[in-house]
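Please open the structure in your viewer, with the sequence panel alongside, and follow the stops below in order.

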Amino acid sequence: MLRDSPRSRLVLALLVAAAVVLLVLDARPGADPVTSVARAGGELVFAPAAAGVGWAAAPAVTLYDGLREGPRAAARVAELEEANAALEAELQAARLDHNRSDQLDDLLHLSGLGAYEVVPAQAVTRSTARGYAHTVTIDTGTESGVRPDMTVVNGSGLVGRVVEAGPRTATVMLATDVKSAVGARLESTRKIGVVNGGSVPGGPEADLTLELFDMEAPVEAGDRIVTLGSHEGAPFVPGVPIGTVDEVQVAPGALSRIARLTPAVDFASLDVVGVVVAGPDDDPRDSVLPPKPKKPEKSEKPEGEQ
């Protein structure tokens, strides 16, 4: 810090006088050689000082601006993040609604082919109920006409059967449960058997296993299986796709042929299902099955190739 002394006062007075002279000269119109030289000299003397003051003050100015804009910027960022989260939730809901709409269309298509009267529902939870390994709870019950021993399907095929029903919810035992047994029939034949949930003794590891009662019945990978149907449609209506034969096995000493099935339904992603509250008047046979994919035709070899 400068000390207050006669010398410092003299220097300050000279600088003030020089500044006043420069202001007067700079205000004069026209390009005068004397004023130009004086102006250049003043810039030479005062520019470094002005630059130093600006450099020293810059952090303070920046800090002031940051403190002034900080709350508003943070609020804006929070507002944008909230808007983005709401938009993402809307998009996710729209995707779910679109997916469920497609599943409902598939369900109604299947029920139309089989002449099944269905009550749509949503599989809301997966649970274990009263000793069953594989069950789901659906959001419809007796108030909608749902009763125990009714068939449950989705747009792809057999899901299971109702085992318990309350006013607004019901429990469905899935076809993959180890206690599930469904009368079944091979596509396009009268060969019948039973589809069990899980594996059977002597059979391969599987989610669904077919036991054919006729040891001589022709069956191979790719054959499709539908429900045989129960008396008065309880617990299973006829013609519902169950699955496709994946592997055939004959166990030594067995009284039946065993085949592992690939389920028609994706049990890991159940959502929209339908409870069949009234079955068809006539067996739909194989009309509910989707068309078989066409096998690719063998291309003819060009002439000259062996």
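**The largest pocket**

Begin at the largest pocket, whose volume is about 240 Å³; bear in mind throughout that this is a predicted model. To find the pocket, select S156, P241, V288, L289 and P290, which lie nearest its centre among the 17 residues that line it. If you then colour the lining by residue class, you will find ten nonpolar, five polar and two charged residues.

Now show the surface and select I192, F213 and L228, which together make a nonpolar patch of about 260 Å². Keep L228 selected and trace the chain around it: L228 sits in the loop between β9 (224-227) and β10 (241-249). Is L228 buried, partly exposed or exposed? With a relative accessibility of 33%, L228 counts as partly exposed, because this class covers values between the 20% under which a residue is buried and the 50% over which it is exposed.

**Strand β4 and A165**

For the last stop, select strand β4, which covers residues 158-165, and pick out A165 within it. A165 has a relative accessible area of 28% and is therefore partly exposed.

Note on methods
Residues numbered from 1 in each chain as written. Predicted model: local features only at pLDDT ≥ 70, side-chain atom pairs only at ≥ 80, totals over all residues. Heavy atoms only, no water. Patch = residues over 30% accessible without salt bridge, like charges linked within 9 Å, V, L, I, M, F, W, Y side chains within 5 Å. Areas by Shrake-Rupley, 256 points an atom, 1.4 Å probe, with all protein chains shown as cover. Salt bridge = Lys/Arg side-chain N within 4 Å of Asp/Glu carboxyl O. Helix = DSSP H or I, 4+ residues; strand = E, 2+ residues; numbered from the N terminus. Buried < 20%, exposed > 50% of the residue type's maximum accessible area, 1.4 Å probe, protein only. 1 Å grid on protein atoms, 1.4 Å probe; cavity = no way out; pocket = protein on both sides within 12 Å on 5 of 7 lines; lining within 4 Å. Points joined across faces, edges and corners; volume = space filled by probe spheres on them. Nonpolar A, V, L, I, M, F, W, Y, C, P; charged D, E, K, R; others polar.
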